[in-house]
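Subject: Handover of a structure

Hello,

I am passing this structure on to you. Please look it over first; my notes follow below.

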Amino acid sequence: MKIITCMKWIPDTSEAELSIASGGKDIKKDDLDYDLNDWDRFAIEEAVQLKEKYDGEVTAISVAPEDAEEMLRECLARGADEAFQIWNDAFEGSDGFVIARALAEFIRKRPFDIIVTGTLAEDDGGGQVGGMLGAMLGVPSATLVSRIEIADGKARFRRELEGGLYENIEMELPAVISVATGLNEPRFVSIRAVRKVASIDIPTVDLDELGLDESQVGHSGSRISVEKVFLPPEGEGAEIIKGSTEEAAARLAEILKEKGVL
Amino acid sequence: MKNIYVLAEHRKGTLRDTTWEALAAARTLAPQFGAEITCILLSNDASTISDRLVQEFSKVIAIEDPSLETFNSDACIKCLVSILGDKSDYLLLMGNSNSVIELAPGLSITLDAALATDCFGFDVVDGALCALRQIYSYKVNALVSFKGAAKMVATLRSGSFPFTPTAQAGGSVEKMESPLKSEKLRKVFVSYEEAEKGDVDISTAEIIVSVGRGIGDEPDMDVYQSLADTVGGVLACSRPIVDKNLLPKYHQVGTSGIEVKPKIYLALGISGAFQHVGGIKGSPLIIAVNKDARAPIFRVAQYGVVADINDMVPALEEKIKEIKG
Ligand SMILES: Cc1cc2nc3c(=O)[nH]c(=O)nc-3n(C[C@H](O)[C@H](O)[C@H](O)COP(=O)(O)OP(=O)(O)OC[C@H]3O[C@@H](n4cnc5c(N)ncnc54)[C@H](O)[C@@H]3O)c2cc1C
């Protein structure tokens with residue numbers, strides 16, 4: 001079985017203090033740490049588990065700048081057989097449509113049975129690439145998938161609905177499956193495992209190999225564009241309890257007492 | 001834009017609120033563009049569902065087909081293309097439900113439309129529609145334009161567009177031929193499945209101590225269980241805690257977990273993503289401890305402490321013990 005998995009390299013913003021970059025169209029990213037998108041960590045794991053279960057090969061792909069090579073190397077250490085890095089500086093500022101398009105152009109020339117992606121990424125939260133990629137390649141797609149089995153050339157999977165409800169679906173292959181977090185336990189990658197794959201070449205792929213030109217990617221190729229970003233006002237909402245740990249803890253305990261729960 | 005289409009969403013034979021929220025958004029936008037609002041209903045039994053729709057929509061376009069009983073994105077794309085394929089100058093609005101999350105991206109490609117997902121508001125800038133979205137772990141707001149596209153699709157965050165029924169539309173239903181008859185679907189529904197139930201039921205708990213990713217990769221869960229026991233509450237969590245198998249799924253609060261309505265919800269190291277907060281709307285008192293002053297949880301909490309939970313949790317438990325004596 002030929003399995004392709006698409007990975008995104010994103011800034012970790014969950015705990016960082018964020019500020020707006022000049023121009024007002026993005027945040028300042030220079031000081032942020034970048035990492036593999038959490039949803040995609042489940043995607044590469046699922047791709048590798050499918051390979052282990054049904055035999056096959058895993059190809060990891062990312063549209064990402066040079067620095068992201070370490071992420072693709074980590075994917076090899078996690079069990080991918082090969083990895084490709086698609087990039088040209090013109091990709092800067094691309095929306096989900098452009099990323100899906102670049103991936104589709106690359107994948108079009110390669111046979112595959114299943115493409116595994118994360119359902120969304122925590123930077124732009126768009127959740128667009130998986131479904132768009134499927135439509136561009138003319139294959140069906142599914143998102144928020146939380147269990148996968150393959151039989152008789154079909155994928156039988158479970159996808160998440162709201163409120164603890166799931167639906168079981170059967171889908172023809174080839175197809176794109178975008179996974180939900182939590183469907184597996186991503187393996188631990190040791191430094192040794194990364195070293196073992198240190199010599200594997202990760203080819204870079206440029207625009208001409210995709211048959212795209214600069215105007216078709218980045219801001220100009222995107223279908224939506226960010227006009228302005230802004231931080232919601234701080235402290236709007238909660239009354240912030242100040243003071244030392246001791247004082248704040250005492251105040252919280254008092255509030256609990258006032259509410260009659262102690 | 002001349003037309004605003006609203007996709008009616010239903011599950012197990014009943015309309016979902018996402019339908020009405022999308023109509024609410026359509027009603028605020030339509031006058032600004034002089035646009036007409038039309039509902040699109042794709043179902044196995046249009047007549048039952050459309051009774052309610054025609055009270056609010058003056059026009060409903062319906063396609064009836066047995067395979068539209070459940071939300072099948074493959075079938076829905078085919079139907080929507082048969083309705084909208086030759087149209088231009090429109091905005092299609094749908095709730096950003098877990099079903100639509102699957103439908104919207106592929107649909108936008110097939111319709112050749114610009115797509116903005118999970119929008120919580122709209123703005124009109126120089127006569128053009130722009131959407132408001134949240135980015136970067138839901139901490140930053142972004143105003144996004146459709147770049148002048150003549151075909152636009154937007155999916156809407158639930159709870160962002162409150163709906164007031166008028167029940168005065170007296171609309172009519174136009175049935176269209178199903179395009180599905182001759183075609184084999186690549187995807188078929190097999191069955192529904194419910195998440196496993198456990199020994200605690202957080203949905204009825206009065207006091208909830210809830211932990212998020214802020215507890216770290218290798219947390220000592222006993223510390224949090226102990227705090228929950230001391231306040232006489234139950235332990236719950238955000239999704240990443242379940243994803244990491246630190247607690248079973250029936251402890252998860254949120255849109256894909258369980259909706260809770262305790263008297264007190266103590267959120268520890270939880271950022272307050274919309275899907276989490278969606279599960280605690282019924283809680284009158286939310287208290288949050290988070291080391292990031294900009295964490296969205298502070299926007300829904302009544303009280304907040306900007307602190308490290310590793311310091312705060314033991315200190316709080318001690319104070320509570322002192323009070324209880
Ligand atoms: C379709 C869909 C459904 C979803 N359903 C759900 C759902 O049902 N429930 C749910 O919870 N999520 C759900 N999510 C995920 C949701 O979007 C968030 O990713 C998730 O809620 C984040 O969990 P968190 O707050 O624990 O983690 P994070 O967002 O990573 O936040 C961790 C927080 O802890 C703080 N922190 C870190 N260390 C400390 C410390 N030592 N002391 C104090 N604070 C600290 C950080 O500042 C940060 O704010 C869903 C997502 C999607 C797309």
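A residue is counted as near a molecule or strand if one of its heavy atoms lies within 4 Å of it. Residues from chains A and B surround the ligand, so the site is shared between chains.

Before the rest, some conventions. This is a predicted model, in which local features need pLDDT of at least 70, side-chain atom pairs count only at pLDDT 80 or more, and totals for chains, interfaces and linings use all residues. Residues are numbered from 1 along each chain as its sequence is written, chains are lettered from A and ligands numbered from 1 in the order in which they are written, and side-chain values use heavy atoms, with hydrogens and water left out.

The ligand site

Of the 32 residues around the ligand, the nearest are B:Arg213, B:Ser238, B:Ser256, B:Ser271 and B:Asn290. Polar contacts are pairs of N or O atoms within 3.5 Å; within protein, one must be able to donate a hydrogen and the other to accept it, and residues adjacent in sequence count only if both atoms are side-chain atoms. A polar side-chain atom of B:Asn290 is 2.7 Å from an oxygen atom of the ligand. Backbone atoms also take part: an N or O atom of the B:Gly269 backbone lies 3.1 Å from a ligand oxygen, and a polar backbone atom of B:Gly257 is 3.2 Å from an oxygen atom of the ligand.

Chain B

Helices (H or I, at least four residues) and strands (E, at least two) are DSSP runs, numbered from the N terminus. Chain B has 9 helices and 18 strands, and its C-alpha trace spans about 70 × 45 × 35 Å along its principal axes. Buried means under 20% relative accessible area, exposed over 50%, and partly exposed in between (1.4 Å probe, protein chains only). Of the 325 residues in chain B, 61% are buried. Contact means heavy atoms within 4.5 Å. Among contacts in chain B between residues at least 6 apart in sequence, 63% join residues at least 24 apart.

A buried arginine

A:Arg159 sits in strand E8 (residues 154–160) of chain A. Its relative accessible area is 1%, so A:Arg159 counts as buried. The side chain of A:Arg159 reaches two backbone oxygens, that of A:Thr143 at 2.9 Å and that of B:Asn98 at 2.6 Å. Leaving out residues up to four places away in sequence, A:Arg159 touches residues of chain A, including A:Leu144, A:Tyr166, A:Glu167 and A:Ile169, and, in chain B, B:Asn98, B:Ser99 and B:Glu102.

A cavity lined by both chains

On a 1 Å grid over the protein atoms alone, a cavity is a set of points where a 1.4 Å probe fits but cannot get out; lining residues have an atom within 4 Å of a point. Grid points are joined across faces, edges and corners, and a volume is the space filled by probe spheres set on the points. The whole structure holds 5 cavities of 30 Å³ or more. The second largest cavity has a volume of about 40 Å³. Its lining consists of A:Glu167, A:Ile169, B:Phe71, B:Asn72, B:Ser73, B:Glu102, B:Lys187, B:Val188 and B:Phe189. Two elements give two or more residues to this lining: strand E9 (165–172) of chain A and strand E13 (187–194) of chain B. E13(B) gives the most, with 3 residues.

B:Ser191 is also found in strand E13 of chain B. With a relative accessible area of 26%, B:Ser191 is partly exposed. Residues up to four places away in sequence aside, B:Ser191 touches A:Tyr166, A:Glu167 and A:Asn168. B:Ser191 and B:Thr70 are 121 residues apart in sequence, with their C-alpha atoms 9.8 Å apart in space.

Backbone exceptions

Most residues other than glycine have a negative phi, and most peptide bonds are trans. A cis peptide bond, with omega about 0°, joins A:Leu173 and A:Pro174. A:Pro174 is in the loop between E9 and strand E10 (175–179) of chain A. A:Asp55 has a positive phi, near 70°, and lies in the loop between helix H1 (38–54) and strand E4 (57–63) of chain A. A:Asp55 is exposed, at 58% relative accessibility. B:Ala167 also has a positive phi, near 55°; this residue lies in the loop between strands E11 (151–156) and E12 (172–176) of chain B. B:Ala167 is partly exposed, at 48% relative accessible area.

Regards

Methods:
On a 1 Å grid over the protein atoms alone, a cavity is a set of points where a 1.4 Å probe fits but cannot get out, and a pocket is an open set with protein on both sides within 12 Å along at least five of seven lines; lining residues have an atom within 4 Å of a point.
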